[in-house]
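Here's a quick briefing to read with the model open beside you.

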Amino acid sequence: MRPDFWPALRSPIVWLVLGAAALMPFLLPNYYLHILTITLVYAALASSWNIVGGIAGQISLAHSLFVGAGAMLASALLVKLGINMWLGMLIAAAFSAAMGAFVSFIDYRFRLGHLSFALITMAFAEMAEIYVTNTEFLGGASGLFLPKDTGNFWAFQFGGIKGVYWIMLGMTALCVLVNFAILSSPLGYNLRSIRDNENAAQAIGVGLLRNKTLAMTISAVLTSIIGTIYARYLAFVDPYLLVSPVLTIEIVLFATVGGLGSALGPAVGAFLLAPLGEILRGQ
């Protein structure tokens, strides 16, 4: 069933929730605001992954590669070459798009089953972690320290936790909005037909390579941008956190608990599980 995209967007309840969420930095102490910020990061990542894993039914375990590209590559370009992190974010997003298209081509070329695709994408993620931790330009196993956040927006600095929270709130809303838009578009119908039966979809004229590549590219670009923002928030870019396949498993878990293939489900799953994990870890 097609979601009511524009009526949902015009609903006063949606804008009321977003307005209330935007006021949280003025109401919560920094510790709980940190938990909410991390939750938004996972909600955005789960929503981005849902485009491929939920709507298209392609269980990709390579998304830590895209997070790592956004975090490690953009940070390395800033620290090593002095390239503005806004530009670095775009370069990393373009790299992630190319890698996503390459992964989609492999899936199409060899007509991989769901299990084979999941295992091959996990292998890509493992290779990415090994490569990053052994590459000095990307910080190696020691990671990278970013310059202090002084609030200079043009230098990709957001003035601390409050600024990052608002940026991530907007990014999460964008990812959910993209999910709604895809589900309401011909692309969404094509992806769901591919998910349900690839052979039948191809028989009625659905282009497997084109639609899979488009879904993976959109998902990879969004994931990479989130990774860059997350790296700026952390200030220390740790490859064992940001390029680890474990991160992908967490994203998949949140999306699955919330409901695969729905526009809001992955974000809801993140809001159910991520705060609980952070609070229990603190306790």
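What follows covers a helix pair, some aromatic rings and one glutamine in a loop. Keep in mind that this is a predicted model.

**How α8 and α11 pack**

- Let's start with α8 (161–183) and its partner α11, which spans residues 208–234.
- Their axes come within 10 Å and cross at roughly 170 degrees.
- Angles over 145 degrees count as roughly antiparallel, so that's the label for α8 relative to α11.
- On the α8 side, the contact is made by Ile161, Val164, Ile167, Met168, Met171, Leu174, Cys175, Val178 and Ile182.
- From α11, the residues making the contact are Ile218, Leu222, Ile225, Ile226, Ile229 and Tyr233.
- Sort the residues of this contact by class and you get 15 nonpolar, no polar and no charged.

**Aromatic pairs**

- The model has 11 aromatic pairs.
- One of them joins Tyr42 and Phe254, with ring centres 5.2 Å apart and planes at 75 degrees. Planes over 60 degrees apart count as edge-to-face, so this pair is edge-to-face.
- Tyr42 sits in helix α4 (residues 30–55) and Phe254 in helix α13 (residues 245–258), so the pair ties together parts that are 212 residues apart in sequence.
- Both Tyr42 and Phe254 are buried.
- Phe153 and Trp154 make another edge-to-face pair, at 5.6 Å centre to centre with 80 degrees between the planes.
- Are these two rings' residues buried or exposed? Phe153 is partly exposed, with a relative accessible area of 38%, while Trp154 is exposed at 67%.
- Phe153 and Trp154 also belong to a cluster linked by ring pairs, together with Trp86, Phe156 and Phe158.

**Gln157 in its loop**

- Where does Gln157 sit? You'll find Gln157 in the loop between β1 (144–145) and α8.
- Gln157 has a relative accessibility of 8%. Buried means under 20%, so Gln157 counts as buried.
- Which side chain does the Gln157 side chain meet in a polar contact? The partner is the side chain of Thr150, at 2.6 Å.
- Setting aside neighbours within four places in sequence, Gln157 is in contact with Lys148, Asp149, Thr150, Gly151, Asn152 and Arg232.

Definitions and conventions. Residues are numbered from 1 along each chain as its sequence is written. This is a predicted model: local features need pLDDT of at least 70, side-chain atom pairs count only at pLDDT 80 or more; totals for chains, interfaces and linings use all residues. Side-chain values use heavy atoms; hydrogens and water are left out. Helices (H or I, at least four residues) and strands (E, at least two) are DSSP runs, numbered from the N terminus. Buried means under 20% relative accessible area, exposed over 50%, partly exposed in between (1.4 Å probe, protein chains only). A polar contact is a pair of N or O atoms within 3.5 Å; within protein, one must be able to donate a hydrogen and the other to accept it, and residues adjacent in sequence count only if both atoms are side-chain atoms. Contact means heavy atoms within 4.5 Å. Axes are lines fitted to C-alpha atoms, for helices over the stretch in contact, and angles run from 0 to 180 degrees between N-to-C directions. Angles under 35 degrees count as roughly parallel, over 145 as roughly antiparallel, 65 to 115 as roughly perpendicular and the rest as oblique. Ala, Val, Leu, Ile, Met, Phe, Trp, Tyr, Cys and Pro count as nonpolar, Asp, Glu, Lys and Arg as charged, and the others, Gly among them, as polar. Rings of Phe, Tyr and Trp (its six-membered ring) pair if their centres lie within 6.5 Å; planes under 30 degrees apart count as stacked, over 60 as edge-to-face and the rest as tilted.
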